[in-house]
Amino acid sequence: MSAIDEIKAIATGMWTTFRSMFEEPITIEYPEVKRPVRRRFKGRHYLQRYDNGLERCIGCSLCAAACPADAIFVESAENTDEERYSPGERYASTYEINMLRCIFCGYCEDACPTEAIVLGDNYELSFTNRSDAIYTKEMLLVPVKPGGKPTPQKTEPGRYTRAVPEMADPAD
Ligand code: SF4
Ligand code: SF4
């Protein structure tokens with residue numbers, strides 16, 4: 001390469017640098033600034049509650065059966081009116097998701113008859129060891145909304161006999 005070509009190459013490089021000083025920065029200052037995700041984004045799971053605080057999960061294990069990665073483990077136990085966690089006969093006494101196995105497909109959400117398990121927009125999932133990647137029920141369950149009560153609740157006998165609440169008419 002001749003001396004003239006070298007000077008030209010340096011000038012081109014400096015011009016590129018100079019020009020970029022006046023362009024809008026495209027760097028996102030994560031984690032201070034978080035980029036909004038798409039509506040269909042599937043992130044960290046949550047276990048939902050009803051407004052009165054009862055847990056939506058009835059421990060049916062349909063999510064675990066639908067999971068292609070075998071990432072969900074559910075154990076169920078019996079509700080009583082003295083100690084009620086969810087409507088119906090049973091609740092999830094253990095609910096775990098292995099986030100190292102999960103491929104965030106959303107099949108668990110689709111399979112759930114009570115809309116208990118949902119995938120949110122949180123993508124900040126990092127672990128320093130394998131056991132931290134097991135998300136327990138306590139980690140997944142959302143807090144009780146204002147006006148609701150924590151579980152277990154003492155409930156009126158015969159009030160919560162249906163595990164899956166009546167669904168609205170799909171034609172509505
Ligand atoms: S998102 Fe998919 S892979 Fe992850 S737990 Fe649900 S069904 Fe399993
Ligand atoms: S999250 Fe839904 S599908 Fe899974 S055990 Fe609970 S109620 Fe059943």
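**View 1. Of the 14 residues around ligand 1, C67, C102, C105, Y107 and C108 come nearest.** A residue counts here if its C-beta atom, placed from the backbone, lies within 6 Å of the molecule. Sorted by class, this shell holds 13 nonpolar residues, one polar residue and no charged ones. For that sorting, Ala, Val, Leu, Ile, Met, Phe, Trp, Tyr, Cys and Pro are nonpolar, Asp, Glu, Lys and Arg are charged, and the others, Gly among them, are polar. Keep in mind that this is a predicted model, where local features need pLDDT of at least 70 and side-chain atom pairs count only at pLDDT 80 or more, while totals for chains, interfaces and linings use all residues. As for labels, residues are numbered from 1 along each chain as its sequence is written, while chains are lettered from A and ligands numbered from 1 in the order in which they are written.

**View 2. Ligand 2 also has its own set of 14 residues.** Those that come nearest are C57, C60, C63, C112 and I117. The shell is made up of 11 nonpolar and three polar residues, with no charged ones.

**View 3. The largest nonpolar core has 21 residues, and C57 and I72 touch the most other members.** β2 (72-78) and β3 (90-98) are the elements that give two or more residues to this core. β3 supplies the largest share, four residues. A nonpolar core means a set of buried Ala, Val, Leu, Ile, Met, Phe, Trp, Tyr and Cys residues joined through C-beta atoms within 7 Å. Buried means that 20 or more other C-beta atoms (placed from the backbone) lie within 10 Å of the residue's own; 12 or fewer makes it exposed, and anything in between partly exposed. Zoom in on I72, and you'll find C63, A64, C67, I97 and C108 touching it, leaving out residues up to four places away in sequence. Touching, or being in contact, means that the two C-beta atoms, placed from the backbone, lie within 7 Å.

**View 4. Three strands line up as β2-β3-β5 in an open, antiparallel sheet.** β2 and β5 (134-135) stand at the edges with a single partner strand each, so one side of each has no neighbour in the sheet. Helices (H or I, at least four residues) and strands (E, at least two) are DSSP runs numbered from the N terminus, and two strands pair if DSSP finds at least two bridges between them. β2 and β3 are joined by seven bridges in the antiparallel sense. Pick out E75 and you'll see its bridge partner, T94, in β3. β3 and β5 pair over two bridges, again antiparallel. Here I97 sits opposite Y135 in β5. As a rule, strands of a sheet pair through backbone hydrogen bonds, either parallel or antiparallel.

**View 5. D51 sits in the loop between β1 (45-47) and α2 (62-66).** Setting aside neighbours within four places in sequence, D51 is in contact with K145, G147 and G148. D51 and K149 are 98 residues apart in sequence, yet their C-alpha atoms are 8.8 Å apart in space.

**View 6. Here are two cis peptide bonds, one from Y30 to P31 and one from T151 to P152.** Omega is near 10° for the bond from Y30 to P31, and P31 belongs to the loop between α1 (3-20) and β1. For the bond from T151 to P152, omega is near 5°. You'll find P152 in the segment after α4 (137-140).

View 7. With 17 C-beta neighbours inside 10 Å, S61 is partly exposed.

**View 8. Stepping back, the protein chain has four helices and five strands.** From the N terminus on, the elements run α-β-α-β-β-α-β-β-α. The C-alpha trace spans about 90 × 35 × 30 Å along its principal axes. The chain's radius of gyration is 25 Å, whereas a compact globule of 172 residues would have one near 16 Å. That radius is taken over C-alpha atoms, and the globule rule is 2.2 Å times the number of residues to the power 0.38. Of the 172 residues, 19% count as buried.
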